[in-house]
Amino acid sequence: MRKQKIVIIGAGIVGASMAYQLAKQNQEVTVIERHPAAALEVTEKSFAWIHTTHSVAPEYWHLYDAAVEEYHALEQELPELSIHWHGALTWGNPALRENLPLQNLNREQLQALEPNLKDYPNEAIFASEEGAVDPIGLTELLLSKAQEYGATVQFDTNVTQLQQEDSRLVGVHTSNGFLESDIVVLAAGMGVPELGNPLGYPVPVAPSPSILIRMKTANKLIHTLISNAQFEARQLTDHILLAAEDYMDESEENGPEAVGQRAFETLRDSLKGGDQLELESIKVGIRPMPEDGYPIVGFHDHMKGLYLAVMHSAITLAPLIARLAASEIINRDTRKELEPCRLSRFKNH
Ligand SMILES: Cc1cc2nc3c(=O)[nH]c(=O)nc-3n(C[C@H](O)[C@H](O)[C@H](O)COP(=O)(O)OP(=O)(O)OC[C@H]3O[C@@H](n4cnc5c(N)ncnc54)[C@H](O)[C@@H]3O)c2cc1C
């Protein structure tokens with residue numbers, strides 16, 4: 001197997017997953033990250049639900065169907081990895097995929113599973129196979145394992161430009177000098193369009209804000225992950241509760257602070273023992289959202305030596321997609337699982 005010089009731009013969950021897979025297979029990997037540590041952009045603000053049952057277009061089902069198994073395989077490889085396989089309870093939310101083997105729970109079963117709710121619906125759907133992770137811990141673990149396999153990580157280093165010669169990328173200019181490459185993996189989240197577009201082939205990725213609310217709790221109040229019309233919440237640890245909310249706008253009434261405060265109050269009111277909750281932070285994460293909502297992954301058709309890896313739902317998908325992508329980069333095979341993810345599906349590419 002030829003050892004290639006691979007520069008990965010970005011140390012979020014996508015870049016870290018790519019680094020782990022490529023370094024494990026004996027590639028010469030350098031990860032470049034502008035921040036002083038990993039996961040400091042959107043990954044640290046993620047709700048980090050391994051969410052495979054929500055409604056997606058049929059051509060992407062196979063990726064979501066394989067994501068849980070991929071995490072189980074990763075757990076076998078990395079015994080330090082801690083995943084909360086507590087399942088997810090949903091009610092009053094329409095957006096689940098049809099024809100999945102999900103359980104319907106009645107009120108008594110719900111009470112047994114989640115004893116701290118003040119009100120119970122008559123029925124809820126339980127996706128028992130789903131789980132959630134600590135997104136920062138997972139990213140750091142993957143990066144440190146990549147380093148054990150020989151990868152180099154350069155923090156505090158900003159990539160300013162991709163260097164092309166004819167139609168091939170030959171390296172990257174950074175705040176610490178030039179770095180040669182055989183392959184550049186663009187895993188820079190919201191930095192992807194900024195770095196990719198000057199090459200003349202725009203990557204259609206737009207900022208999509210979303211809100212993460214973090215609360216302290218003396219006791220564990222939620223045992224699974226709950227998503228309903230009023231709130232979406234789970235325990236990150238026994239003493240930290242997370243909630244995720246849609247971003248609305250920047251107005252006083254519906255700005256992130258107001259939305260976060262309302263979510264906090266809803267949880268206080270909805271949970272027995274909710275009065276012990278203390279609001280810790282309300283943060284907005286800017287999700288890199290491909291124009292049609294689905295991953296953009298693969299070698300660039302017009303720029304040799306450039307591999308794109310940008311996606312929403314990257315906590316769910318990155319471990320699987322990174323393994324498939326590494327196989328394409330190392331073996332130069334075409335993974336049919338990634339065919340619906342190509343940049344060429346967009347017009348003008
Ligand atoms: C509130 C919220 C809830 C979410 N919930 C879920 C969920 O439940 N499940 C799920 O699967 N997903 C969820 N997501 C989405 C998920 O968090 C993202 O898909 C994922 O974190 C994207 O990871 P990334 O590595 O692409 O991006 P990032 O974490 O942003 O990583 C990209 C990195 O590239 C670096 N970078 C950029 N440009 C440059 C440059 N020029 N030079 C050097 N470095 C650069 C950045 O500093 C950054 O560290 C949620 C997101 C939010 C905000």
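## Strands and a hairpin

Two strands count as paired when DSSP finds at least two bridges between them. Helices (H or I, at least four residues) and strands (E, at least two) are DSSP runs, numbered from the N terminus. This is a predicted model, in which local features need pLDDT of at least 70 and side-chain atom pairs count only at pLDDT 80 or more, while totals for chains, interfaces and linings use all residues. Residues are numbered from 1 along each chain as its sequence is written, and side-chain values use heavy atoms, with hydrogens and water left out.

Let's start with strand S10 (residues 159-165) and strand S11 (residues 168-174), which run antiparallel and are joined by six bridges. Look for Gln163, and you will find Gly171 of S11 standing opposite. S10 and S11 make a hairpin with two residues between the strands, and Asp166 takes a positive phi near 55 degrees there.

## An open sheet of six strands

Now follow the strands S9-S2-S1-S13-S20-S19: in that order they make an open sheet with mixed pairing. Strand S9 (152-154) and strand S19 (296-299) stand at the edges; each has a single partner strand, so one side of each is left without a neighbour in the sheet. On average, neighbouring strands of this sheet are turned by 20 degrees against each other, direction ignored.

Inside this order, strand S1 (residues 5-9) and strand S13 (residues 183-186) run parallel, with four bridges between them. One detail to find on screen: Ile9 has Leu186 in S13 as its bridge partner. Helix H7 lies across S1, S13, S19 and strand S20 (306-310), and runs at about 15 degrees to S19 (axes are lines fitted to C-alpha atoms, for helices over the stretch in contact, with angles from 0 to 180 degrees between N-to-C directions).

How far apart should the ends of helix H2 be? At 1.5 Å a residue, its 17 residues (61-77) should span 24 Å, and the end C-alpha atoms are 25 Å apart, which agrees (the expected span is 1.5 Å times one less than the number of residues). H2 also has a kink of about 35 degrees, centred on Ala67 (the bend is the angle between axes fitted to the seven residues ending at a residue and the seven starting there).

The buried residues of H2 are Leu63, Tyr64, Ala67, Val68, Glu70, Tyr71 and Leu74 (buried means under 20% relative accessible area, exposed over 50%, partly exposed in between, with a 1.4 Å probe and protein chains only). They pack against several elements, among them helix H1 (13-24), helix H4 (135-148) and helix H7 (314-331). Take Glu70 as an example: its relative accessible area is 10%, so it is buried. Leaving aside neighbours within four places in sequence, Glu70 is in contact (heavy atoms within 4.5 Å) with Pro319, Leu320 and Arg323.

## Aromatic pairs

Rings of Phe, Tyr and Trp (its six-membered ring) pair if their centres lie within 6.5 Å; planes under 30 degrees apart count as stacked, over 60 as edge-to-face and the rest as tilted. By this rule there are four aromatic pairs. Tyr60 and Tyr294 are stacked, at 4.0 Å centre to centre and 5 degrees between the planes. This pair links distant parts of the chain, 234 residues apart: Tyr60 is in the loop between S3 and H2, and Tyr294 in the loop between strand S18 (278-290) and S19. Tyr60 counts as buried because its relative accessibility is 3%, and so does Tyr294, at 16%.

Phe299 and Tyr307 form an edge-to-face pair, 5.0 Å centre to centre with 85 degrees between the planes. Phe299 is partly exposed, with a relative accessible area of 28%, whereas Tyr307 is buried at 0%.
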